[in-house]
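Dear colleague,

Please find below the structure that I am handing over to you.

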Amino acid sequence: MGLLSAVYLAGLAAVSLPLLFHLIRRTPRGKQTFSSLMFLTPSPPRVTRRSRLDHLLLLLLRAAALCLLALAFARPFLRESALLPLADLPRRRVAILLDTSASMQRGDLWKRAVAQAGDVLDDLGPTDDVALFAFNDRLQTVVDFAASSNAPAAKMDLVRRELAQLKPSWRSTDLGAALAAVANELDAPSNDEAAIAEPHLVLISDLQQGSRTDALQAFSWPQRVPVVVHALAIEQPTNASVHLLADETESESAEPRVRVANASDSVGEEFYVHWTTSDKSATDDTMVPIYVPPGQSRVVRLPRPKSAPMADRIVLRGDAAEFDNVHYVVAPRQQEVAIAYLGAEQADDPQGPRYYFERAISGMPLRKVDLRASRVGEPLSLPGEKPPKLTVLAEAVPEPTREALESYVSSGGMLLVVLKDRPMAESLAFLFEGLVVGDETESGEYQLFGEIDFTHPLFAPFASPRYSDFTKIHFWKRRSLTIPPGAGTRVIAWFDNHEPAIIERTIGAGRALLFASGWQPSDSQLALSTKFVPLMQEILDLACGRQDSLASATVGQTISLPQQASLQPIVVINPQDERIEFAATTENFDQTDQPGIYRVRSGDAGLPFAVNLDAAESNTAPLEVAQLEQLGVRLAKSVSRSERRLEQRQQRDRELENRQKIWRWLIVAAVAVLIFETWLAGWTARRIRQTTEALA
Amino acid sequence: MRTSGSQLRRLSETRPARNAESQSASFIDPAALMRIENLELRAKSVVEGFLSGLHRSPYHGFSVEFSEYRQYSDGDDLRYLDWRLFARSDRYYIKRFEEETNLRCYLLVDLSRSMGFGSLGYSKAEYAKTAAATFAYFLSLQRDAVGLVTFDEGIQEFLPARFRPGHLHRVMLGLERSLAGTATDLGPPLEQIAKTAAKRGLIVLISDLLAPIESLETQLGYLRSRGHEAAVMRVLDPAEINFSFEEAVLFEDLESGRELYVDPQAARRRYLERFAEHSSAISRACSRLGIDEYLLPTDRPLELALFDFLNARMRRGRQTARRQRQARRGGKQGGG
């Protein structure tokens, strides 16, 4: 015998109340005002004859009716009549989503996160399926649902092993994308068996405010997937971060400025920043104190120490969480580029190509260009100096100097040829094999760029439709060229009459570029167009390697490797001094797994670049769980196995009671008792009246 | 102190109060009287009914006091010839009257909250006000000066004794005010009268006198302190006199708000004992002080109250006259 709502049994207490009221002493019913109490003495309360019970049977009947009603409301049922097996709980598919972002390195967060995951695993039933996901700025499937799903014990061991090997990374947190992806995985079961199982997502994270949740905004959360959030909090929540403010216009002499941001739940407010080097040689002589209230940020000037001008990192002191206290900086260094110009033009002659070329390549903050003008046949560089990165050829090459020029290109130099006239074009056949030069056309009809190969590094920055319009550049004077197929020459751009405009040929480790028309105003409008300067910059990048793109990056960001003329393999040396080699054609480097100074080496050039933590990762104040709910995530409470068992049992009890419906019979009995009671009361009253009349 | 003795004597000779209780049907029932809103009208009803019951005109010779007889000589007004004395002694005597003086009467009405009790549908205060209005009306009819003091724990209304047009109306208005005070204190009103009433007069205190007897006696002593003549009218509800409650209930003191659980059946005997003790203590104090004391149960017709009062005044007047005559006679003998 069980009761569904035992609370109603409290109604039984009501039965005793009339009895109680009847038996306790009578309190005075009213009040009598009187002029003066000076002659009155208080009387002790009297017990009257009403304390006696006259009609015991009637009282019992009424009490019985009340009892039956209370019992009916309590909804009893007979448990013995249908013993349902209670052993097996419904099968669940549990996805454990573990935060491995950089902020999890704080204090003992990671240890506790692993322990929490262990607790979740302990609470799983023998039929439950489990998968382990780790997330930072990307989601990593550690153990899939599909992995050995028919051997639960083995799978549990596998999950535990993988869990033990996981470590927090240096990456930022994209909570929204991870939740959405795992919810989709849970909502789309692979087979029928999985479809019956209850999906269940367990999120173990420090839920920092710096987590990105924007992916959830456009995501329709599957309602059958509940999320149990285990939010981990740290005892010492003070966390500040340091960042160097980038300033394009700042010169080397200016004092760099540093921003220190303090998390909103921080306790500490006083911090110190100073420069240091990798070998910690820089002393604390430039330590700058800074006061930052919680939730705010301050900017302070931090001059580089004179004793260590090569300091490449800023260190923050006074903060409990160490993971984001170092900011790596690579000072942008001006690249010195030597360029040789082979031509007869004067530097101040606006009719010649040199005048425009010089102006296009000067004034760049990151490059210091040294242009040396000479004639063909003179040596390209002084003895003991490196050969120039780029050589511009603007006159015909006589026979004896051809070999020297070819060896310059094949050893890694870059040659830019601007065709001036037919004799010059013909003298270049040694560089561009099979080049057939037609007549110089100077008809009244101008040409435009027809087709451009935007996949070539030279035009790649113009690939976007916003910049790809070259149709306003008119070419009046051009050399008609014909390239035989299979000659190792690549056409980068064509005129609209399908004659090549720009061609490229790779020779050895270097390359040669040829413009079929000059850019000076007598030949074309190219020098006066907005495309000229970026185009020349790209040529310089091709010749000397890309400089500015290597300034700084955040962990996990992809870095574009410098495009280089030479074809030597690229080596990236990470902060742990590990060498990672890539082919020369590799364009991107994505193994920026930890903060620090990386160095790219290709050929003899070595380019350092700094990788720092994402600034959002430093915002470690806890995120309200309710915010997830606002984004549509269905939150659930953590329910242990025994609690689930109890809930299941109650549900079965409800079903049993619903089937038996004993309460109806109890109501019928109560009504019957009340009818009998009414009859008895009437009969008693009649008898008393008759007796009284007889007596009268 | 001289009062309008001749009229009082005449009233006493009709003796309507001897069998007043049996004839009470001819008087106005107090419950019916209290239904009249206007206090002045109530007083008028009582007084005029009372006077018409005497079958005498009330408008002759009320304010002169009989002094002595003298022998009739020719030319004397025959109206003042005492025919009865002539019948007894066969000699003509003329009644001599004393110089006309106005009576100064102060009505002290207790309007404390204990007077708010009433078991008959109206309170003791209503009854007391009506009694005071009746006296005031009656006295003003015979051109006497009437003053009014209403009080609870302090003086609420004070009107000096005057006889002038409109004064009676002001007295009536002064009586209209409702009950407010929480306690009864006779001290301040009596002090006030002692200060203002230089000439001697009659002071009528209308109260339930439900206060500890010790303080009452001192305060009643003030009444006589300046040689004023004093009368105390105790207005009591029948329920206070008989304690006719049945149900055991919480009794609440109207003045202090104190509550007491009392079973009347058990407490009645003790109450009546203590009440009688208190009443006799008051009576003793009054007789010691020479104060007339009247009991005014609120179910008693007011005419009877008025009659009792006048009757007692009459008797006192007669005693005074006798004492004066004896004194004069003694003086003559001593002189002769």
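**Findings for chain A**

In this predicted model, chain A exposes about 35,600 Å², and carbon and sulfur atoms supply 53% of that area. Of the 696 residues in chain A, 44% are buried. The secondary structure of the chain comes to 14 helices and 33 strands. Among contacts in chain A with a separation of 6 or more, 72% are between residues 24 or more positions apart.

I turn next to a surface feature. A:Y8, A:L66, A:L69 and A:F73 together make a nonpolar surface patch of about 370 Å². Where does A:Y8 lie in chain A? A:Y8 is found in the loop between β1 (residues 2-3) and α1 (residues 13-23). Its relative accessibility is 46%, and A:Y8 therefore counts as partly exposed, since that class covers values between the 20% limit for buried and the 50% limit for exposed.

There is also a sheet to examine. Four strands of chain A form an open sheet in the order β12-β11-β14-β15, and their pairing is antiparallel. The edge strands are β12 (288-291) and β15 (326-328), each of which pairs on one side only. On average, neighbouring strands of this sheet are turned by 25° against each other, direction ignored. Within the sheet, β14 (residues 313-317) and β15 run antiparallel and are joined by 3 bridges. Here A:I314, on one side, stands opposite A:H327 in β15.

With kind regards

How values were computed:
Residues are numbered from 1 along each chain as its sequence is written. Chains are lettered from A and ligands numbered from 1 in the order in which they are written. This is a predicted model: local features need pLDDT of at least 70, side-chain atom pairs count only at pLDDT 80 or more; totals for chains, interfaces and linings use all residues. Side-chain values use heavy atoms; hydrogens and water are left out. Patches are made of residues with over 30% relative accessible area and no salt bridge: like charges are joined within 9 Å, nonpolar side chains (Val, Leu, Ile, Met, Phe, Trp, Tyr) within 5 Å. Accessible areas come from the Shrake-Rupley method with a 1.4 Å probe; for residues, only the protein chains shown count as cover. A salt bridge is a side-chain nitrogen of Lys or Arg within 4 Å of a carboxyl oxygen of Asp or Glu. Helices (H or I, at least four residues) and strands (E, at least two) are DSSP runs, numbered from the N terminus. Buried means under 20% relative accessible area, exposed over 50%, partly exposed in between (1.4 Å probe, protein chains only). Two strands pair if DSSP finds at least two bridges between them. Axes are lines fitted to C-alpha atoms, for helices over the stretch in contact, and angles run from 0 to 180 degrees between N-to-C directions. Contact means heavy atoms within 4.5 Å.
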